[in-house]
Amino acid sequence: MTTRGVLYVHSAPRALCPHVEWAVAGVLGVRVSLDWIRQPAAPGTWRSEFSWRGEAGTAAKLASALRGWQLLRFEVTAEPCAAAEGERYSATPELGIFHAVTGIHGDILVPEDRLRAALARSQAGEAHLESELARLLGKPWDDELEPFRYAGEGAPVRWLHQVV
């Protein structure tokens, strides 16, 4: 079963750009050449977007191939298909990687065991419920990536956290 998605590289040092392309090509099994433009939110870095098509699970493979690279900020989305829910991965050097399952309208679907764990931590006084819920929804990643989502003059802007 195939799905499609988008890889958003929000910022990468120039020296890392070819390595990103090689990693994406390795996952997709085809040659990949991304169109890189300067990222005004972090001078000296570059950004790119790439629409992909592949089997369910490709988003996870792309995120795994790119995770852990210092100075790389990215997001990978996958649309839901008959065999799998949609997915969203967000990554920053400071926060690491965030994964969410998404429904057909782009809403984040939080599994009940994760909600129960957040409630338990809150009731035990280990955390505030509001911050636990914000983390489950990826708010810290959204807050950090928001300046990078503004693509700059003349480039498309995509809002990943709003459903129309």
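Author: The seven strands build an open sheet whose order is 2-3-1-4-5-6-7, with antiparallel pairing, where two strands count as paired if DSSP finds at least two bridges between them. At the edges lie strand 2 (37–38) and strand 7 (108–109), each of which pairs on one side only. Strands here are DSSP runs of E with at least two residues, helices are runs of H or I with at least four residues, and both are numbered from the N terminus. The model is a predicted one, in which local features need pLDDT of at least 70 and side-chain atom pairs count only at pLDDT 80 or more, whereas totals for chains, interfaces and linings use all residues. Residues are numbered from 1 along each chain as its sequence is written, and side-chain values use heavy atoms, with hydrogens and water left out.

Strand 1 (residues 2–13) is largely enclosed by the rest of the structure, because nine of its 12 residues are buried; buried means under 20% relative accessible area, exposed means over 50%, and partly exposed lies in between, with a 1.4 Å probe and protein chains only. Strand 1 pairs with strand 3 (residues 45–55) through 10 bridges in the antiparallel sense, and within strand 3 it is Trp46 that stands opposite Ala12. Strand 1 is also joined to strand 4 (residues 73–78), again antiparallel, by six bridges. In strand 4, Phe74 is the bridge partner of Val9, while Ala78 stands opposite Gly5.

Strand 4 is likewise largely enclosed by the rest of the structure, since six of its six residues are buried. Arg73, Glu75 and Thr77 point one way from the strand, Phe74, Val76 and Ala78 point the other way, and all are buried. Strand 4 also pairs with strand 5 (residues 86–92), in the antiparallel sense and over five bridges. In strand 5, Tyr89 is the bridge partner of Val76, and Glu87 is the bridge partner of Ala78.

To set the sheet in the whole chain, the secondary structure amounts to five helices and seven strands, which follow one another along the sequence as β-α-β-β-α-β-β-β-β-α-α-α. One of the helices, helix 4 (residues 129–136), holds Glu132, which counts as buried because its relative accessibility is 12%. Apart from neighbours within four places in sequence, Glu132 is in contact with Ala118, Arg121 and Ala127, contact meaning heavy atoms within 4.5 Å. Among the contacts in the chain with a separation of 6 or more, 58% are between residues 24 or more positions apart.

Along the principal axes, the C-alpha atoms fill a box of roughly 50 × 40 × 30 Å. Buried residues make up 40% of the 164 residues.
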